[in-house]
Amino acid sequence: MITPIQKTEVLLEAMPWLRSYRGATVVIKYGGNAMINEDLRRAFAADIQFLHQVGLRPVVVHGGGPQITKMLDRLGLEAPFINGYRVTTPEVMEVVRMVLTGKVQRELVGLLNVEESLAIGLTGEDAGLFGARKRHCEPGSDLGLVGDIVTVHPRAVVDMLEQGNIPVISSIAPSVDDPNVVLNVNADAVAAALAIGLKARKLIILTDVEGLYQDIDNPASLIRYLTASELERMLPTIKSGMVPKMQACLDAVQGGVSRATIIDGRLAHSMLLEIVTDQGTGTEVIPDNVLPLRPHDGEPLPTMQFRKA
């Protein structure tokens, strides 16, 4: 049981972080186990509500991979993955669009609006928010209607934030080459593009691992911090499932976002642990010019030196 004194210490530790983040825009990519476990879903909603109440401006971008897979299985449609991306035929795209905007987004907006009606759902199709272009692949590995974000017009999201709302955004976008075509876009990439467009202070990506490991078979090899250049050098060695997430972190930081962090969505309230505690959690990607000197391998990381700018 936590004592009253310990509760006070937690609040005092959180206070400077909350002060530094007051008024800051934070983009959170919601996905993984946190989307399908009921307790974790409620914990995530509570965290977003808390951050909003204490003065941050959270923006949620959601995927829906498990829910899409479940619906595709029910319908007997196959959609294999290539390098972490789902092959999306026109029939699969109909399911993606239906599940993301008609189910996942509605459920999340409902959770966030239990106490106060602040959350509003959007997709990349609304108000010209995103434009995408079909991804070109090597011969024999066509992904179908999978796109990459090429334009971001965040005015609608900015207006919502200024009005005190919590935007909840589905990761689909119209094609810039044919507005009648809607493309399936990786939610990690969408979150990174939006974080850049909003000039967000931080990008947080929830996933189903503790963070990025030097050795996937060794939990003790968790990488707490690395620079954009270090990550760029590591990318060719990272297993395919983590590539879109780490690429999103790299893109965000190189695009001007101060910090991008992968955190464990299987841990309730991991988002608060990352934002309001001295220790933080997960793996954080930082700009090259933030830390000119890096500790040697095996030396403890000086936590406060390595935390938020």
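Helices (H or I, at least four residues) and strands (E, at least two) are DSSP runs, numbered from the N terminus. The exercises below concern a predicted model, in which local features need pLDDT of at least 70, side-chain atom pairs count only at pLDDT 80 or more, and totals for chains, interfaces and linings use all residues. Residues are numbered from 1 along each chain as its sequence is written, and side-chain values use heavy atoms, with hydrogens and water left out.

**Exercise 1. Determine which element gives the largest share of the lining of the largest pocket.**

Solution. A pocket is an open set of points on a 1 Å grid over the protein atoms alone, where a 1.4 Å probe fits, with protein on both sides within 12 Å along at least five of seven lines; lining residues have an atom within 4 Å of a point.

Step 1. The lining of the largest pocket consists of 30 residues, and K29, G65, F81, G84 and N186 lie nearest the centre.

Step 2. Elements that give two or more residues to this lining include α3 (65-75), α6 (187-198) and α8 (243-254).

Step 3. Helix α3 contributes four residues, the largest share.

**Exercise 2. Classify the arrangement of the rings of Y30 and F44.**

Solution. A pair of aromatic rings is described by the distance of the centres and the angle of the planes. Rings of Phe, Tyr and Trp (its six-membered ring) pair if their centres lie within 6.5 Å; planes under 30 degrees apart count as stacked, over 60 as edge-to-face and the rest as tilted.

Step 1. The structure contains one aromatic pair. The ring centres of Y30 and F44 are 4.1 Å apart and the planes stand at 20°, so this pair is stacked.

Step 2. Y30 belongs to strand β1 (residues 25-30) and F44 to helix α2 (residues 38-53), so that the pair links distant parts of the chain, 14 residues apart.

Step 3. Buried means under 20% relative accessible area (1.4 Å probe, protein chains only). Y30, at 2% relative accessibility, counts as buried, and F44, at 4%, also counts as buried.

Note on methods. Buried means under 20% relative accessible area, exposed over 50%, partly exposed in between (1.4 Å probe, protein chains only).
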